[in-house]
Amino acid sequence: MTPQLQQAIRLLQLSTLELQAEIQQALESNPMLEQVEDDDPAGGGEDSGEHGTDGEADAEPGDTATSAETVDAGGSEDMIPDELVTDSRWEDIYDASASPRGMDDRDPLENTSDDDGGGLQDHLLWQLHLSNLTPRDQRIGAALIDTISGDGYLEGDIETLAETISRSEDPPVGSDEVEAVRHWLQHCDPLGVGSLDLRECLEVQLNELAPDAPSREAARAVLEHGMDSLARRDYKTLQRQSGVRDADELAAALDLIRTLNPRPGAQISSTPPEYVVPDVYVRHTSEGWQVDLNPEIAPRIRINDLYAGMVRKVADARDSAFMRDQLQEARWFLKSLHSRNDTLLRVARAIVERQQGFLEHGEVAMQPLILRDIAETLEMHESTISRVTTQKYMHTPRGVFEFKYFFSSHVGTSDGGECSATAIRAMIRELIEEEPPGKPLSDSRLASILADRGINVARRTVAKYREGMNLPSSSERRQMAAMPTGSKQKGA
């Protein structure tokens, strides 16, 4: 493959945020490229915007109709002179009010964080260093923090940890010392971190509630005596084991337990948030569904005519060759950007044309679609379609979806047609949501109902789709229906 083709393929598979970083790097490394400002009245140069030129209109290097004045249109009036006297001061040349290097110039209203992404361990160590614990207890606490999992639970047993710490402590550390520091750690933020199991974690959070909190004692009895029955949703046995006979009181206790956090460490993650920026917008007009590129996904750039016009004027052969290479790379880069935008728009329009039913009626109207269908329609290779549909997002009236969301396998129907797996999942979800209370539909019954609608799907396939949507089985739904309903009635 040629370098130009390699560059085009690489840009094609970049996400929106990665593309923005790539364009910024190109602007910083190639002097032939410049960004087009929104208030720039000049229209010269080779523009990378979707409404600009196609990247092929290579102006002669000598054409400098839009020169430095175009680049600096609306710029500062204080121009730096070509030669400075030797006793010039910095303040005479540059504005003293400018922000000095190194100062934080971020928007104070922007949702930013100074956290370096250390995660749960760093957050706990920060609290440990601010505590009034003795140096010995702080070393024990640091060892405990090192053994805490991402969910906030202590991995390993207290005795082994005490033996490990004792190798560097004199006198040796006892299990009671480790246990005391662990109890202190459990009341740090997040509450319950460092617990040995789920029951202990929930009890720590429950004990921090006000003594007169409603259903607090009933919830403690459930956690102490009926954790296994609670996990099985066996509410009759749970009433007997916990001693909470009243159905309304048990329901209130279960509602209180649901407010607790079973994974306290998960709320402090070292993984930076991933932001999704839609690449295209889909909207319905009087002429049908219209697909447009997001104009904010990347800055508009073009060839700097001033530098392009200097290529033939440079006398030094080495400098001239360097500038010609930079100019050619800039043109390749612009052409690759145009190719990416064009391919992205064509693929998005082809997907919308196939999935108009989804846009109008939802998931139940999703049509079966594979990469080969779009590739054959656009006369492209499947690998190209795969690159375009990965980490590219479409903003529709029904939400923001990745391009790949619209592709799914198909199941044959009784009339010889096809139904997409996404539509079948939506039908299964609707059937379960509409099933009679206390009489859940089994997977076999769901398959039978789908067969009556002309969709031939096996029971195990229904079970796979149901589990993929995190929907409980019919027996679990029956147990959930038998759950005390006092709190549900209050909420209604």
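At what angle do helix H20 and helix H21 pack, and how far apart are their axes? Helix H20 (residues 443-452) and helix H21 (residues 459-468) pack at about 105°, with their axes 8 Å apart. Here axes are lines fitted to C-alpha atoms, for helices over the stretch in contact, and angles run from 0 to 180 degrees between N-to-C directions.

## What you're looking at

This is a predicted model, where local features need pLDDT of at least 70 and side-chain atom pairs count only at pLDDT 80 or more, while totals for chains, interfaces and linings use all residues. Residues are numbered from 1 along each chain as its sequence is written, and side-chain values use heavy atoms, with hydrogens and water left out.

The protein has 23 helices and 8 strands; these are DSSP runs numbered from the N terminus, with helices (H or I) of at least four residues and strands (E) of at least two. Of its 492 residues, 39% count as buried (under 20% relative accessible area, with exposed meaning over 50% and partly exposed in between, using a 1.4 Å probe and protein chains only).

## Back to H20 and H21

That angle makes H20 and H21 roughly perpendicular to each other (the label covers 65 to 115 degrees; under 35 is roughly parallel, over 145 roughly antiparallel, and the rest oblique). On the H20 side, Asp443, Ser444, Leu446, Ala447 and Leu450 meet Arg459, Val462, Ala463 and Arg466 of H21. Contact means heavy atoms within 4.5 Å.

## One face of H7

Now look at helix H7 (residues 158-166), where Ile158, Leu161, Ala162, Ile165 and Ser166 are buried. Seen down the axis of H7, the buried residues fall within an arc of 135°, so they line one face of the helix; the arc is that of the directions from the helix axis to the C-beta atoms. Helix H6 (135-146) and helix H8 (175-186) are among what covers them.

At the start of H7, a side-chain oxygen of aspartate 157 comes within 3.3 Å of the backbone nitrogen of glutamate 159.

## Arginine 136, tucked into H6

Arginine 136 sits in helix H6. Is arginine 136 buried or exposed? Arginine 136 is buried, because its relative accessible area is 17%.

Its side chain makes a polar contact with the side chain of glutamate 177 (2.9 Å). A polar contact is a pair of N or O atoms within 3.5 Å; within protein, one must be able to donate a hydrogen and the other to accept it, and residues adjacent in sequence count only if both atoms are side-chain atoms. A polar atom of the arginine 136 side chain also lies 3.1 Å from the backbone oxygen of proline 172.
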